[in-house]
Amino acid sequence: MTTKAKTKKVPDYLKDTVKKYGDIIKKGNTVLQEKGEYGVISISPALDVGLGGGIREGCWLMLTGDPKSGKTTTAMQIAANCIAEGRKVIYVDAEGRLKDLNFQVEGLDPSDMDIIAPVDKPLSAELLLETSYKMLCDPEYHGAVLIIDSISSLISEKELDGDFSPRRAGLPKILSVFTKKVGQLLPSQRGLIIGITHYISNTSGFGKSKMSDGGVKIQYQADTRLEIAHGGEGNPAVKAVVDENGKQVGQKINWRVVCSSMGPPGGNIQSYIRYGHGIDKTQEVIDLSLDLGLIEQRGAWFNCLFMWYTSMKKIAKKIKPELDFDNAEEVENSFKYQGMKKVRTLFDENPELVKNLEKIIKESLL
């Protein structure tokens, strides 16, 4: 039996309100259907899997961690992904430390970003947030991504105009007003706000020794919260990634999922950043493939079992057209590599392989 949604006549006492503000009163099933149509914003293979699919449109994402741990690079990677979808990006440079290195993310075109930054004198938190809000209200920026880097560096007008005595107590109130206003705006526009915060010492004597800066309200507002933190034995918060010559070429980050707009909280995610490139999606795909048994490791040897998947055979034939794919032993030996470096070379030389394998991984885990 099919139940049709009933159209309720608008009462006379609400007609003026509806006329002025639109159809603000809806049935729950209508709202549920609309929410189900929201798109998903991707970060990287590992982070998407750990979050239950990625980040839902119309959300607020908080990235928290110690200095130089990879928060800005991760935010810039999300910006690059969103630019590829045709979204606009607004970047609030509250720290005043935006450098050319921060733009070295694959797919990120600086000409597609609008940067809000001081020119010849510091800008208050009120002005930076008001400017951001006005831009988000502009139809031209509907669906845009706003990056605030960082919330910890915002300074209130009173604090800015006064002496160097601490008056930071006013900032959480300013942020509270901003989050309340944006909270009603963001879902209808299907955009994304990324707030970057640092850890500060918890001097209360209760709970964790370190806590996220910015006040309770922005933590409450965030649909998705990721913290860079120690994940137990073998999973430090940040670990250097070195090449065969011992030179540091990137870092491995352990993210803790505090909450997610797509899945349950909890759990740890290992992500990679490669300097001059952004998030190392290829290494994440390799690690996930090892976890799922798509790549079998025996000592120093790696057997690419995923080549037997129907969707991968076409790519395998492009890589090695001379093979007889009816000869299972020949195929298996041809896609067996000694050392991770050779596996990495295979992936780097065949980006289509990475793309299709990521799809298989997400279909298996999500």
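Me: In which strand is the place of N303?
Reply: This is a predicted model, in which local features need pLDDT of at least 70, side-chain atom pairs count only at pLDDT 80 or more, and totals for chains, interfaces and linings use all residues. Residues are numbered from 1 along each chain as its sequence is written, and side-chain values use heavy atoms, with hydrogens and water left out. Helices (H or I, at least four residues) and strands (E, at least two) are taken as DSSP runs and numbered from the N terminus. On that basis, N303 falls within residues 301–304, which form strand β15.

Me: Does N303 count as buried or exposed?
Reply: The classes rest on relative accessible area, computed with a 1.4 Å probe on protein chains only: buried is under 20%, exposed is over 50%, and partly exposed lies in between. Because the relative accessibility of N303 is 5%, this residue counts as buried.

Me: With the side chain of which residue does the side chain of N303 make a polar contact?
Reply: Leaving aside neighbours within four places in sequence, N303 is in contact (heavy atoms within 4.5 Å) with L294, I295, E296, E332, F335 and K336. A polar contact is a pair of N or O atoms within 3.5 Å, where within protein one must be able to donate a hydrogen and the other to accept it, and residues adjacent in sequence count only if both atoms are side-chain atoms. At 3.2 Å, the side-chain partner of N303 is E332.

Me: Which residue's side chain makes a polar contact with that of S150?
Reply: Not counting residues up to four places away in sequence, S150 touches A94, E95, I196 and H198. The side-chain polar contact of S150 has a distance of 3.5 Å, and the partner is H198.

Me: What value is phi of R190 near?
Reply: R190 has its place in the loop between α7 (171–189) and β7 (192–201), and with a relative accessible area of 27% R190 is partly exposed. Phi of R190 is positive in a residue other than glycine, with a value near 60°.

Me: Does K68 count as buried or exposed?
Reply: K68 lies in the loop between β3 (59–65) and α4 (71–84), and phi of K68 is likewise positive, near 60°. Because K68 has 66% relative accessibility, this residue counts as exposed.

Me: How far is the sulfur of C82 from the closest cysteine sulfur?
Reply: A disulfide is counted for a pair of cysteine sulfur atoms within 2.5 Å, and the structure holds zero disulfides. C82 is buried, with a relative accessible area of 0%. The closest cysteine sulfur to that of C82 is in C59, too far for a bond at 12 Å.

Me: Which strand gives the largest share of the lining of the largest cavity?
Reply: On a 1 Å grid over the protein atoms alone, a cavity is a set of points where a 1.4 Å probe fits but cannot get out, and lining residues have an atom within 4 Å of a point. The largest cavity holds about 40 Å³ of space, a volume being the space filled by probe spheres set on grid points that are joined across faces, edges and corners. G234, N235, P236, K239, K252, I253, N254 and Q270 line this cavity. Three of the lining residues, the largest share, come from residues 248–259, strand β11.

Me: In which helix is E358 found?
Reply: E358 touches P45 and V285, not counting residues up to four places away in sequence, and at 18% relative accessibility E358 counts as buried. The helix that holds E358 covers residues 351–365 and is α13.

Me: What percentage of the residues of the protein chain count as buried?
Reply: The secondary structure of the protein chain comes to 13 helices and 16 strands, and along its principal axes the C-alpha trace spans about 75 × 65 × 45 Å. Of the 366 residues of the chain, the share that count as buried is 41%.

How values were computed
1 Å grid on protein atoms, 1.4 Å probe; cavity = no way out; pocket = protein on both sides within 12 Å on 5 of 7 lines; lining within 4 Å.
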